[in-house]
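Hi,

Here is the structure I promised to pass on to you.

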Amino acid sequence: MTNNVDYRDLFLRVCRFGLIASALGISLLYAAPLRQLDEHQITTALEKRYGERAKLRARAWFNVLSNANKLEEKQKLLEVNNFFNMFRFIDDIKLWGESNYWATPMEFIGVNGGDCEDFSIAKYFTLLQLGIAEDKMRITMVKATSVNQYHMVLAYYETPGSIPLVLDNLDPAIKPATARKDLLPVYSFNGKQLWINKERGRGVLSGSSTRLEKWNDLNYRLGVDRLKQPKLTLE
């Protein structure tokens with residue numbers, strides 16, 4: 001993420017108010033939780049695009065889905081958080097040749113790394129696939145004071161009024177937000193809604209997440225039909 005950027009400017013660069021994405025009408029890989037995924041199709045596509053090790057990572061991801069499906073929700077969080085935190089962190093400009101590219105989960109798994117948005121997005125969609133309700137999760141932009149950068153995490157709310165648990169690649173341990181004094185929330189969203197945070201807390205509802213241009217673009221690229229080729233190989 002970019003250092004020393006006013007969050008209002010950051011938000012405006014991510015959002016385009018009034019945007020209506022035609023992509024939202026298409027069929028998405030993760031359009032519904034527990035949708036039956038074609039393991040052979042996905043692993044074959046990732047191998048063809050990114051190589052043999054990408055197929056092995058995809059198989060490991062399917063193993064996580066299979067094993068975690070039987071677990072309680074908080075154990076699902078732990079398994080998914082631990083799995084994706086093994087991936088490499090790398091800046092978008094080095095990996096994709098763009099300053100702020102939101103990779104799909106399949107791209108993230110395929111190339112074996114990404115930045116904080118990619119970690120959070122991959123965890124979000126994987127947990128959706130494991131049956132965790134969309135209303136319990138928010139992808140959250142924060143200011144990480146420990147590194148003086150904007151950063152993205154996934155927040156899980158067990159109940160609407162509960163203190164969220166934070167799934168993060170900077171700190172691999174899942175902790176309640178009250179234990180993460182280093183994170184200052186800016187805005188958050190899920191597949192339905194967008195919230196602006198003016199102070200610590202749940203934030204103020206600010207309309208549909210379709211106001212986020214990059215979120216619309218990401219949804220358009222979900223699946224294995226539009227996999228982007230990275231500028232750098234991480235294997």
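Asn-148 sits in the loop between S3 and strand S4 (149-156), and its phi is near 55 degrees, a positive value in a residue other than glycine.

Before the rest, a word on the source. This is a predicted model, in which local features need pLDDT of at least 70 and side-chain atom pairs count only at pLDDT 80 or more, while totals for chains, interfaces and linings use all residues. Residues are numbered from 1 along each chain as its sequence is written, and side-chain values use heavy atoms, with hydrogens and water left out.

**Overall picture**

The protein has 8 helices and 9 strands; these are DSSP runs numbered from the N terminus, with helices being H or I of at least four residues and strands E of at least two. Of its 235 residues, 51% are buried. Among contacts with a separation of 6 or more, 61% are between residues 24 or more positions apart, where contact means heavy atoms within 4.5 Å.

As background, most residues other than glycine have a negative phi.

Asn-169 belongs to the loop between strand S5 (165-167) and strand S6 (175-176). Why does Asn-169 count as buried? Because its relative accessibility is 17%. Not counting residues up to four places away in sequence, Asn-169 touches Asn-85, Phe-89, Cys-116, Phe-119, Lys-123, His-151 and Met-152.

**H4 against H7**

The axes of helix H4 (residues 73-84) and helix H7 (residues 116-129) come within 10 Å and cross at roughly 145 degrees. Those axes are lines fitted to C-alpha atoms, for helices over the stretch in contact, and the angles run from 0 to 180 degrees between N-to-C directions. On the H4 side, Lys-76, Leu-77, Val-80, Asn-81 and Phe-84 take part, meeting Phe-119, Ala-122, Lys-123, Thr-126 and Leu-127 in H7.

H7 also contains Asp-118, which is buried with a relative accessible area of 0%. Leaving aside neighbours within four places in sequence, Asp-118 is in contact with Asp-92, Tyr-101, Trp-102, Ala-103 and Phe-108. Asp-118 and Pro-105 are 7.2 Å apart in space, C-alpha to C-alpha, and 13 residues apart in sequence.

**The cores**

The largest nonpolar core has 57 residues, and those touching the most other members are Leu-46, Trp-61, Phe-84, Leu-127, Tyr-187, Phe-189 and Trp-215. H7 gives the most to this core, with 8 residues. A second, separate core of 5 residues includes Val-142, Ala-144, Val-153 and Leu-183. By nonpolar core I mean a set of buried Ala, Val, Leu, Ile, Met, Phe, Trp, Tyr and Cys residues joined through side-chain atoms within 4.5 Å.

**Aromatic rings**

How many aromatic pairs does the structure hold? There are 14. Rings of Phe, Tyr and Trp (its six-membered ring) pair if their centres lie within 6.5 Å; planes under 30 degrees apart count as stacked, over 60 as edge-to-face and the rest as tilted. Phe-87 and Phe-108 form a stacked pair, 4.9 Å centre to centre with 20 degrees between the planes. Phe-87 lies in the loop between H4 and strand S1 (88-89) and Phe-108 in helix H6 (residues 105-111), so the pair ties together parts that are 21 residues apart in sequence. Both Phe-87 and Phe-108 are buried. The pair of Trp-96 and Tyr-101 is tilted, at 5.0 Å centre to centre and 50 degrees between the planes. One aromatic cluster is formed by Trp-102, Tyr-124, Phe-125, Tyr-187, Phe-189 and Trp-215.

**Helix H8**

Trp-215 turns up again among the buried residues of helix H8 (residues 213-221), along with Asn-216, Leu-218, Asn-219 and Arg-221. These buried residues pack against H6, H7, strand S3 (137-144) and strand S7 (183-189). Just after H8, Gly-223 takes a positive phi of about 105 degrees.

Best wishes

Note on methods
Buried < 20%, exposed > 50% of the residue type's maximum accessible area, 1.4 Å probe, protein only.
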